Amino acid sequence: MNDVVLATRGLGMAFGGLRVFSGLDFALARGERHAVIGPNGAGKSTFVAVLTGLLRPTQGQVLLDGRDVTRSSAGERVAAGIVRTFQINQLFPSLTPLESVVLALCQRDRRARPSLRALRHCAAQIDEAAALLERFGLADDALLPTQELAYGQQRLLEVLLAYALRPRVLLLDEPAAGLSTTQGHALFERLASLTEGTTLLFIEHDMNIVFRYAQRVSVLAGGSLLAQGTPDQIRADAGVRKAYLGG
Ligand SMILES: Nc1ncnc2c1ncn2[C@@H]1O[C@H](COP(=O)(O)OP(=O)(O)O)[C@@H](O)[C@H]1O
Ligand SMILES: [Mg+2]
């Protein structure tokens, strides 16, 4: 794998005396959909927080296109193209999806928090927001307060807001959390086709979803990367079955 976009070298993280993981050598190839799986509390969300700069690792490095970004802030990493969504809904409940998307696009293009005055210069972004909402199947919901949307639509809006920043790497921490199995599958079905070509790292606990939508899978368990491979390789891995897949 020569075209690695995001990588870690000897990555370790501890909270005081609690060592979450150590020695992680991870590589994400450009354009792939990659899942991180592992038991509850294995450190998946912490791993994403370290990749995105919300947390500083206690050991090792994070590399974006070969450049060491370990010391870069979360904001600098977003500017560099590492963008994420959270396990828990982070939307503005009283804004409409159109407002949220326009604000995100204006901020992207003007590199500043948009003011009401600056919105006059955001005509192109309003058009782009409308087109994105249409593409994501959110056009009918675009003018409702976000809190009135079905939860599945809210989760899709979160992916849209992150995707709209045209990330080099998009990280999704359990985008289907809070949805039923059927709704979770529907969400992944849509986001897989909508984000085709985007490098995607996602955390998901539903193995049917993981094996269906990931092209590669990394297993985080017991503080290290137990295995990395294609869904078929992971399914067949005796160590993974024993530690995680339950048989
Ligand atoms: N900010 C924090 N401070 C202290 N401990 C934390 C913090 N965040 C996570 N942890 C601990 O780190 C471990 C990994 O948590 P997490 O990354 O959320 O796991 P996962 O996402 O795989 O379920 C857990 O034991 C959790 O309690
Ligand atoms: Mg988590």
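## Salt bridge between the domains

Across the interface of domain 1 and domain 2, one salt bridge is found. This report describes that interface in a predicted model. The salt bridge pairs Arg166 with Glu128, whose closest N and O atoms are 3.6 Å apart.

Polar contacts between domain 1 and domain 2 number seven residue pairs, with both residues at pLDDT 80 or more.

## Helices and residue classes on the domain 1 side

Two helices, H5 (151–163) and H6 (181–194), each contribute at least two residues to the side of domain 1 that touches domain 2. Helix H5 provides the largest share of that side, with seven residues. By class, the side of domain 1 that touches domain 2 consists of eleven nonpolar, two polar and two charged residues.

## Division of the chain

Domain 1 covers 4–94 + 151–245 of the protein chain, and domain 2 covers 95–144. In the contact, 15 residues come from domain 1 and 16 residues from domain 2. The C-alpha centres of domain 1 and domain 2 are 26 Å apart.

## Buried area

The size of an interface is often expressed as the accessible area lost when the parts come together. Here, domain 1 and domain 2 bury about 1500 Å² between them, and 66% of it lies on carbon and sulfur atoms. Within domain 1, the residues that lose the most area to domain 2 are Leu157, Leu160 and Leu194, which together account for 32% of what that side buries.

Technical notes
Residues numbered from 1 in each chain as written. Chains lettered and ligands numbered in written order. Predicted model: local features only at pLDDT ≥ 70, side-chain atom pairs only at ≥ 80, totals over all residues. Heavy atoms only, no water. Domains from an automatic or database assignment. Contact = heavy atoms within 4.5 Å. Buried area = accessible area lost by both parts, 1.4 Å probe. Salt bridge = Lys/Arg side-chain N within 4 Å of Asp/Glu carboxyl O. Polar contact = N/O pair within 3.5 Å; in protein donor to acceptor, adjacent residues only side chain to side chain. Helix = DSSP H or I, 4+ residues; strand = E, 2+ residues; numbered from the N terminus. Nonpolar A, V, L, I, M, F, W, Y, C, P; charged D, E, K, R; others polar.
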